[in-house]
Amino acid sequence: MTSARPALTALAAELPATVPFVGPEAQERSRGRPFRARIGANESGFGPSPKAVAAMQAAATDVWKYGDPESHDLKAALAAHLGVGAGNIAIGGGIDGLLGLIVRLHVEKGQPVVTSLGGYPTFNYHVAGYGGRLVTVPYVDDREDLDGLLAAVRRENAPLLYLANPDNPMGTWWEASEISRLIEALPETTMLVLDEAYGETAPASAIPPLDVARPNVLRMRTFSKAYGLAGMRCGYAVGESAAIRAFDKVRDHFGMCRMTQAAVLAALADGDHLGKVLDEVAASRARIAEIVGESGLSSLPSATNFVAVDCGGDGAFALRVLQELIERDIFVRKPAAPRLDRCIRISAGPAAEMDALAEAFPLALAAAKAAA
């Protein structure tokens with residue numbers, strides 16, 4: 001046998017063999033034991049609606065069928081829920097999957113894409129994967145810099161701008177009036193990807209009204225966070241009809257399985273469960289702030305289902321705190337960008353996981369200080 005092999009494209013050959021996140025399962029395998037508290041990936045440990053679980057059970061015997069490639073019923077339900085047309089909604093494999101399609105649709109190789117330094121790594125992963133050139137703008141006071149992002153877009157003549165509001169990884173937010181000001185000032189040739197994955201947990205004042213007349217704004221939503229269906233991989237984009245139709249050029253038309261469609265339809269209809277989860281998220285955020293406060297640390301105000309905790313030192317010290325928590329079977333994550341990296345990020349979770357955090361946190365912090 002020869003040593004010849006099929007060649008990767010030039011672009012693929014240039015890319016590092018990496019992934020945006022190392023999952024908790026991989027960490028558990030390397031550690032040889034499970035975590036006591038899975039509070040690092042911003043999942044909802046409060047679980048999905050029981051009605052969604054029942055819908056999945058009922059759909060299980062029909063999984064021999066492909067899912068509806070048009071997601072007709074889900075689009076209709078979302079349209080009624082949001083007050084837009086079904087033609088203003090695209091369904092995809094979580095926001096992550098849709099982000100990849102957006103980059104593919106709007107970015108040529110070498111073109112600039114503007115985002116925040118330290119913002120959502122999966123978006124950056126897709127930009128690299130399709131050959132775009134990242135242009136990053138540092139956070140200011142732990143928030144994404146709207147004016148800086150706009151200036152970068154204008155300077156670079158960028159076809160794409162990514163902004164998360166509320167923000168990941170810091171949990172901070174801008175009021176809707178400021179987001180609307182950015183939209184009004186944005187060049188008409190720049191597509192704004194406004195990631196609202198945490199919209200349900202945010203103050204109502206942070207979410208601008210939907211305007212599907214603008215061809216250069218895509219609003220991203222998901223069932224992975226407050227609805228507790230991260231494993232079902234369903235997100236959606238809301239936008240102007242022609243911008244939404246463009247997804248049909250590149251999407252996986254059979255990528256949404258029947259069980260997922262059934263689950264999210266039932267979850268969307270169960271407002272009582274969503275309200276209960278939002279109450280539990282708020283209580284858990286307060287508990288996290290209390291736990292770290294008892295150890296003399298401060299936390300950032302959060303509009304998400306997680307809390308960024310200022311560890312009071314530099315990035316190396318925050319990393320030691322994170323490692324000490326992992327050593328005590330508490331899964332958390334942290335930002336990587338300068339200044340943001342002084343923090344760790346702790347997801348809201350059920351009372352038992354908060355109890356485990358309360359037990360481990362002072363010990364982890366003390367061990368990190370001793371090693372400093």
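Start by selecting S302, which sits in the loop between strand 9 (298-299) and strand 10 (306-310). Helices (H or I, at least four residues) and strands (E, at least two) are DSSP runs, numbered from the N terminus. What you have open is a predicted model, where local features need pLDDT of at least 70 and side-chain atom pairs count only at pLDDT 80 or more, while totals for chains, interfaces and linings use all residues. Residues are numbered from 1 along each chain as its sequence is written, and side-chain values use heavy atoms, with hydrogens and water left out.

Is S302 buried or exposed? At 14% relative accessibility, S302 counts as buried (buried is under 20% relative accessible area, exposed over 50%, partly exposed in between, with a 1.4 Å probe and protein chains only). Now show T304: its side chain makes a polar contact with the side chain of S302 (2.8 Å). A polar contact is a pair of N or O atoms within 3.5 Å; within protein, one must be able to donate a hydrogen and the other to accept it, and residues adjacent in sequence count only if both atoms are side-chain atoms. Leaving aside neighbours within four places in sequence, S302 is also in contact (heavy atoms within 4.5 Å) with G171, W173, R285 and V307.

Select the open sheet of seven strands, whose order is 2-8-7-6-5-3-4, with mixed pairing. Two strands pair if DSSP finds at least two bridges between them. Strand 2 and strand 4 (133-137) stand at the edges with a single partner strand each, so one side of each has no neighbour in the sheet.

Zoom in on strand 2 (residues 89-92): I89 and I91 point one way, A90 and G92 the other way, and all are buried. Its partner is strand 8 (residues 235-239), joined to strand 2 by four bridges and running antiparallel. To see one of these bridges, select G92 and G235.

Which way do strand 3 (residues 112-116) and strand 4 run, parallel or antiparallel? They run parallel, joined by five bridges, and S116 has V137 as its bridge partner in strand 4. Show helix 6 (residues 121-129), which packs on the sheet and touches strand 3, strand 4 and strand 5 (160-164).

**Along helix 3**

Select helix 3 (residues 50-59), where A52, A55, M56 and A59 are buried. Seen down the helix axis, these residues fall within an arc of 100 degrees, so they line one face; the arc is that of the directions from the axis to the C-beta atoms. On the other side, P50, Q57 and A58 are exposed.

**Last stop: the core**

Which residues touch the most other members of the largest nonpolar core? Among its 30 residues, these are V321, L325, I330, I344, L357 and F361. A nonpolar core is a set of buried Ala, Val, Leu, Ile, Met, Phe, Trp, Tyr and Cys residues joined through side-chain atoms within 4.5 Å. Colour helix 13 (351-371), as the largest share of this core, eight residues, comes from helix 13. Finish with I344: not counting residues up to four places away in sequence, I344 touches residues including V307, V321, L325 and F361.

Definitions and conventions. Axes fitted to C-alpha atoms, helices over the stretch in contact; angles between N-to-C directions.
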